[in-house]
Amino acid sequence: QDDLALQLAQLETLVLQEREEAAVALMEALCSVPFREPRYWGFLGDLYLDLEHYEQTIYCYKEAIQHASQDADLAYRLARLILDRGEVFDGAQHLEKAARLASVEPRLWEMAADTWLGIGEVERAAQAYSRALKLDDGTPEVWFRRGISLSVNEQKQESIRAFEKA
């Protein structure tokens, strides 16, 4: 593990020196090493992101999440990259992961809910809006969107309450 930390420090030096070819070669070698520390995967992903290698960034961030990363910002960055490449369902799932990790950030739940609603996953949208509203009483727009998701999901009484709250 000390050897890996040293290699990551060397890698950062290569990136700072703008020696991209050498940095990418070392990063590719490190990605082939099976290590479990999510912070290392996140660090590698951040370096790939700095170099605008988005597919490799996504790979490293997914490895960090798979190895139990508790970094809400990393999960959010992963969600944004996935959404940017048009994978909305997967992106929404990672927004929810970021919201669970952040635990007190209603805006992440709202973003996940809006994404779910946009692709017709109304039940998941309603659940995510509920999570957001438990953390913060929300804005009229959030209550309105929750009402829409509930009415589409045929939960009339709850949708009426949400519309009244809006």
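**Reading helix packing and aromatic pairs**

Author: S149 is found in helix α9. The model is predicted.

Reader: Is S149 buried or exposed?

Author: Relative accessible area decides, and buried means under 20%. S149 has 0% relative accessibility, so it counts as buried.

Reader: Which residues is S149 in contact with, leaving aside its neighbours within four places in sequence?

Author: They are L117, V122, A125, A126 and Y129.

Reader: Now helix pairs. At what angle do the axes of α4 and α5 cross?

Author: Start with the axes. Those of helix α4 (residues 54-66) and helix α5 (residues 72-84) cross at roughly 140 degrees. They come within 10 Å.

Reader: What is the hand of the crossing?

Author: α4 passes α5 in a left-handed crossing.

Reader: Which residues in α4 and α5 meet?

Author: From α4 come Y54, T57, I58, Y61, K62, A64 and I65. From α5 come L74, A75, R77, L78, L81 and I82. Sorted by class, this contact has 10 nonpolar, 1 polar and 2 charged residues.

Reader: Next, rings. How many aromatic pairs does the structure hold?

Author: It holds 5 aromatic pairs. One of them joins F35 and Y40.

Reader: What is the geometry of the F35 and Y40 pair?

Author: Look at the angle between planes: over 60 degrees counts as edge-to-face. F35 and Y40 have 70 degrees between the planes, and the pair is edge-to-face. Centre to centre, the distance is 6.1 Å.

Reader: Are F35 and Y40 buried or exposed?

Author: F35 has 9% relative accessibility, so it counts as buried. Y40, at 13%, also counts as buried.

Reader: How are the rings of F144 and F163 placed?

Author: Their centres are 5.5 Å apart. Their planes are at 55 degrees, so this pair is tilted. It links distant parts of the chain. F144 lies in helix α9 (residues 140-152), and F163 in helix α10 (residues 156-165). The two are 19 residues apart.

Reader: What are the relative accessible areas of F144 and F163?

Author: F144 has 42% and is partly exposed. F163 has 32% and is partly exposed too.

Reader: Which residues form an aromatic cluster?

Author: F35, Y40, W41 and Y59 form one cluster. The edge-to-face pair of F35 and Y40 belongs to this cluster.

Key
Residues numbered from 1 in each chain as written. Predicted model: local features only at pLDDT ≥ 70, side-chain atom pairs only at ≥ 80, totals over all residues. Heavy atoms only, no water. Axes fitted to C-alpha atoms, helices over the stretch in contact; angles between N-to-C directions. Helix = DSSP H or I, 4+ residues; strand = E, 2+ residues; numbered from the N terminus. Left-handed = near helix turned anticlockwise from the far one by under 90°. Contact = heavy atoms within 4.5 Å. Nonpolar A, V, L, I, M, F, W, Y, C, P; charged D, E, K, R; others polar. Phe/Tyr/Trp six-rings, centres within 6.5 Å; stacked < 30°, edge-to-face > 60°. Buried < 20%, exposed > 50% of the residue type's maximum accessible area, 1.4 Å probe, protein only.
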